[in-house]
Every structure is written in C-alpha cells, then in structure tokens.
Amino acid sequence: MTQSDFITSDSIRSDFSAAMSAMYRDEVPAYGTLMRLVARVNEEVLAADPEMRERLAVTDSLERISEERHGAIRLGTAQELSTMRRVFAVMGMHPVGYYDLSTAGVPVHSTAFRPVGDARLKINPFRVFTSLLRLDLIKDEVLRNEAADVLSKRKIFTDGALALVEKAERQGGLDRQDAERFVEEVLQTFRWHDKAIVSADMYERLHNAHRLIADVVSFKGPHINHLTPRTLDIDQVQERMPGEGIAPKAIVEGPPARRCPILLRQTSFKALEEAVSFRDAGGSWRSGSHTARFGEIEQRGIALTPKGRALYDRLLNEARQRCRPAADGSNTSEYEAALAEAFRAFPDDWNAIRRHGLGYFTYSLTAEGQRRKRIDMDLEAAIDAGLVRFDPIVYEDFLPVSAAGIFQSNLGDDATQEFVASPNQKMFERELGATVLDEFTHYAGIMRASLDRCLRHGGFAAAAAE
Ligand code: OOG
Ligand code: NI
C-alpha cells in the first residue's frame with residue numbers, strides 16, 4: 001500500500017457530508033423542502049447580483065455554496081469526544097474554537113470540527129458543531145451518577161468504524177474501498193434511534209433536570225440534530241418558509257441585514273415531536289415522544305478581527321439591552337429596529353471595514369497587476385491603481401449567543417435555566433485529548449499568506465502589508 005493509493009481526507013469528507021445529507025433528508029423530510037427553497041433563493045440572488053457572482057467566482061467559492069452545510073451533535077462523555085476527534089481527523093476535520101454555553105443556560109461546552117486552510121475549505125467546508133454534556137452542572141447527585149452510569153455503558157461507534165480509524169491512523173490514510181466502508185460505518189453513529197436506552201421514568205427525571213440531558217443520555221447514539229444549508233439571502237428564506245409549510249423561529253440570530261454581511265446570521269424551524277419508545281423494567285416497550293431534531297439555515301459573512309468582534313459584541317449587547325426578543329415573535333419588528341439602529345456604528349462598506357482593521361480579507365493581483373513586472377508602490381496605492389484586489393474571508397465558525405438562541409428555541413423557550421457561568425477550556429481540551437485551534441490566528445494566517453503571495457509576484461513595498 002503506497003500513499004498514492006489513499007483517497008484524500010477532503011474527498012472522504014465530501015462523501016461523508018453527502019451521505020449525511022441524504023440520510024437526514026430521508027429521516028426529516030422538511031430538511032429536503034428547506035434545501036430546495038435555499039437552492040431556489042440562491043439561484044435568484046446570483047442572477048440578480050452579478051457582482052456577488054463574480055466575487056464568488058474569482059475566489060473559487062461559487063461551487064461550494066450549494067454543497068455547503070453544517071451539522072450538530074451532542075456527546076455524553078470525554079471518551080466519546082476524544083474518539084470523535086479521531087474519526088473527524090480521518091476526514092480532515094479538526095477542532096476549532098471553544099464555546100461555553102453554560103452562560104446561556106445550556107449545560108454543554110463545544111467546539112466545531114471543520115477543515116482548516118483555504119484550499120481544503122474550498123473543496124468542501126463541512127463542519128460539525130460538537131457539544132459535550134456537562135454532567136458536573138447537574139445538581140442532583142443521584143441523577144448525575146445514574147446518567148454517568150448509562151453513558152459509560154453505551155457504545156456510539158460500530159466496531160467497523162473504530163477498526164478503520166485505527167487503520168487510517170496506522171497507515172496515514174485509507175484506500176477507496178476502506179474509505180467507502182468508513183463513511184458507511186461512521187454514518188451509523190449519527191442515525192436516529194426511536195428506541196430509548198432508558199425507562200420512561202428515567203427519561204422524565206432527566207428531562208426535568210434539563211431537556212438536553214434527556215436528549216444526550218436517553219439514546220444509543222448522538223443523532224445528528226440538524227443540518228444547515230448556507231443561503232445567500234436569509235431574510236428571503238425566512239419570509240418564504242411559511243409558504244412551504246415550515247414555521248421559522250421568531251427572529252434571525254446574529255447581526256442585522258446589511259450590504260456587507262458580517263459573521264453569521266441564522267434562523268431555524270422548531271424541533272419536531274417524534275415518536276419514541278422506552279424500555280420498562282419488565283422489558284416491554286412503552287410509547288412516548290421526544291423533541292430534538294430541527295432545521296436551520298444560515299448566511300455567512302466576513303470573518304471579523306478581534307477588534308471587529310469586540311465591536312460586534314458591544315453592538316449586539318446594546319440592541320438586546322434595548323429590546324430582548326420574545327420567543328413568541330410579539331416584538332420582532334421592535335427588536336429588528338433596535339438591532340439596525342445599534343449596528344449603524346459598524347461600517348457597511350468593504351473598504352471601510354478593511355481600513356478600520358475590523359475584518360479579514362484575502363489579497364490578490366488583478367489581471368493588470370499580474371502583467372506588471374514590478375509594482376513600485378505600497379499596498380494601498382496598488383489597490384487604488386486597480387493592481388491588487390481584496391475579498392472578504394468568509395466566517396467559518398459559530399457564535400455563542402446565536403447558538404444559545406438556537407438551542408433555546410428548540411429546547412422549548414420555557415426551559416431557560418440558570419447555570420453558574422463556568423467556561424472551562426482547559427477541561428474541555430483534556431476531554432478532547434487535544435487543544436482547539438484559535439480561529440483568529442487561523443484567519444490572520446490566511447490573510448497573511450495571501451499578502452505574501454501578492455508580495456512575491458508584485459514585489460510592492462512590504463511596509464504596506466503590515
Ligand atoms: C447546537 C446548536 C448550535 C449553531 O449553528 O450555532 C449550532 C445544538 O443544538 O446542538 O448548531
Ligand atoms: Ni447549527
């Protein structure tokens with residue numbers, strides 16, 4: 001077996017993402033409806049906005065849009081998390097970022113497994129928001145121990161999946177046949193199971209402690225709880241969802257609608273109540289229901305620098321202090337107005353965002369710039385002269401406040417519960433068995449590399465690139 005017989009991790013990720021999407025479409029038909037709506041809106045946007053189409057084409061990003069999606073899972077133990085890390089590594093997905101959701105009343109902390117680096121993201125940007133349940137935040141000690149006991153006994157990966165992960169690690173890759181089996185085996189972990197592994201009584205007690213605890217502990221595996229396509233116009237999709245028989249949550253999370261989209265805007269449809277059955281002490285099955293799976297869409301904008309992110313956080317806080325969005329939608333327009341008002345302080349022009357150091361961009365030589373042997377001017381002058389162009393770098397990560405809003409809306413809005421804020425990245429990384437990549441460092445690296453490329457070709461004054 002030589003290296004050249006191996007399938008690339010990027011191609012395994014693409015195959016896995018497609019397989020997951022097909023499985024979820026079968027399991028949750030509303031996801032298929034949403035996908036079709038998003039595809040239609042994206043086509044319309046591209047037809048109406050040639051400038052956006054051109055920007056996406058120039059940056060090789062047009063193809064990825066229709067393929068793009070993220071999913072989310074919730075795990076129960078450190079062992080599950082660290083094995084999941086090894087599974088995702090085979091597909092070229094690595095942990096980026098740490099999200100503490102305890103502050104928002106959700107007893108988990110999370111990371112996003114995703115491809116790292118511009119080229120890999122362009123091939124297929126599939127990501128999975130992965131949360132680990134924090135049993136340490138459950139107050140009831142008896143329940144905590146019972147839950148830990150159930151979790152310690154379950155096996156969420158098939159033997160075949162584990163064997164292939166080990167093989168991939170040993171060999172440094174998988175050949176085509178193994179890669180196909182790997183996708184098939186790993187997919188099983190994310191399937192929905194309608195037979196719970198706990199009794200109706202225990203489910204009830206877990207559910208009373210927190211809905212999310214019941215979701216994680218009661219089943220054989222971490223069913224994928226949503227898959228989110230990327231849209232180029234989230235307001236359009238939100239508006240047209242009811243026409244397709246889908247009821248969206250009251251507000252779009254994240255920044256307001258803008259000419260220059262920043263970070264991430266998300267909305268979802270409510271989780272479905274699905275039939276499940278619980279095992280009684282006597283071994284018989286009792287029917288009940290469980291609510292976990294939902295649909296979500298998102299629109300991605302530019303990745304912000306720490307300075308830009310601080311401004312975003314401040315403005316979002318300001319808006320939410322003025323008007324806290326009600327789950328029933330009764331003050332949606334008031335909230336939207338407060339949000340738009342607050343965000344007037346955030347420049348809405350790519351060049352202003354760039355010059356203020358608020359966002360990350362890639363730089364490249366234009367056709368004219370490439371024709372020049374040497375560019376004897378600084379970067380800003382080269383941009384003004386049309387020799388260098390800049391394009392926003394897409395935000396590939398998540399937002400804790402938005403994630404909390406999505407969690408809440410799907411857990412039932414009455415379920416808001418206080419936990420002591422206790423971010424613990426060190427503990428998370430210990431459980432993960434690795435450190436998470438800092439997203440800002442990553443984006444800064446992509447920007448830097450693009451500048452260096454320009455510099456090598458154009459040789460313009462280096463000082464400008466600082
Ligand atoms: C994850 C919610 C977070 C997002 O897009 O912010 C998320 C979950 O409900 O498990 O997926
Ligand atoms: Ni999501």
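Is Met 91 buried or exposed? Met 91 is buried, with a relative accessible area of 0%; buried means under 20% relative accessible area, exposed over 50% and partly exposed in between, with a 1.4 Å probe and protein chains only.

## Basis of the model

This is a predicted model, in which local features need pLDDT of at least 70 and side-chain atom pairs count only at pLDDT 80 or more, while totals for chains, interfaces and linings use all residues. Residues are numbered from 1 along each chain as its sequence is written, chains are lettered from A and ligands numbered from 1 in the order in which they are written, and side-chain values use heavy atoms, with hydrogens and water left out.

## Domains

The protein is divided into domain 1 (3-303 + 407-434) and domain 2 (360-393 + 436-466), with bounds that come from an automatic or database domain assignment. Their C-alpha centres lie 35 Å apart. Domain 1 puts 22 residues into the contact and domain 2 puts in 13 residues, where contact means heavy atoms within 4.5 Å.

## Nonpolar cores

A nonpolar core is a set of buried Ala, Val, Leu, Ile, Met, Phe, Trp, Tyr and Cys residues joined through side-chain atoms within 4.5 Å. The largest has 75 residues, of which Phe 343, Phe 346 and Tyr 363 touch the most other members. Domain 1 and domain 2 both give residues to this core, so it lies between them. Not counting residues up to four places away in sequence, Phe 343 touches Pro 255, Pro 256, Arg 258, Ile 262, Tyr 312, Leu 315 and Leu 316.

A second, separate core holds 40 residues, including Ile 7, Ile 12, Leu 81 and Val 90. In soluble globular proteins, nonpolar side chains tend to be buried together.

## Cavities

A cavity is a set of points, on a 1 Å grid over the protein atoms alone, where a 1.4 Å probe fits but cannot get out. Grid points are joined across faces, edges and corners, and a volume is the space filled by probe spheres set on the points. By this rule there are 3 cavities of 30 Å³ or more.

The largest cavity has a volume of about 150 Å³. It is lined by 16 residues, and Ala 72, Phe 129, His 226, Ile 406 and Phe 407 are the closest to its centre; a lining residue has an atom within 4 Å of a point. Strand S2 (69-75), strand S5 (127-133) and helix H18 (400-411) each supply at least two lining residues, and S2 gives the most, with 4 residues. Helices (H or I, at least four residues) and strands (E, at least two) are DSSP runs, numbered from the N terminus.

The lining divides into 9 nonpolar, 5 polar and 2 charged residues. Here Ala, Val, Leu, Ile, Met, Phe, Trp, Tyr, Cys and Pro count as nonpolar, Asp, Glu, Lys and Arg as charged, and the others, Gly among them, as polar.

## Buried loop residues

Met 91 is found in the loop between helix H5 (78-90) and strand S3 (94-100). Leaving out residues up to four places away in sequence, Met 91 touches Ser 9, Ile 12, Arg 13, Phe 16, Phe 182 and Val 186.

Glu 396 lies in the loop between strand S13 (388-392) and H18 and is buried, with a relative accessible area of 4%. Beyond its neighbours within four places in sequence, the contacts of Glu 396 include Arg 64, Arg 114, Arg 127 and Arg 300. Leu 263, in the loop between helix H12 (234-240) and strand S8 (264-269), is buried at 1% relative accessibility. Its phi is near 50°, a positive value in a residue other than glycine. Most residues other than glycine have a negative phi.

Terms used. 1 Å grid on protein atoms, 1.4 Å probe; cavity = no way out; pocket = protein on both sides within 12 Å on 5 of 7 lines; lining within 4 Å.
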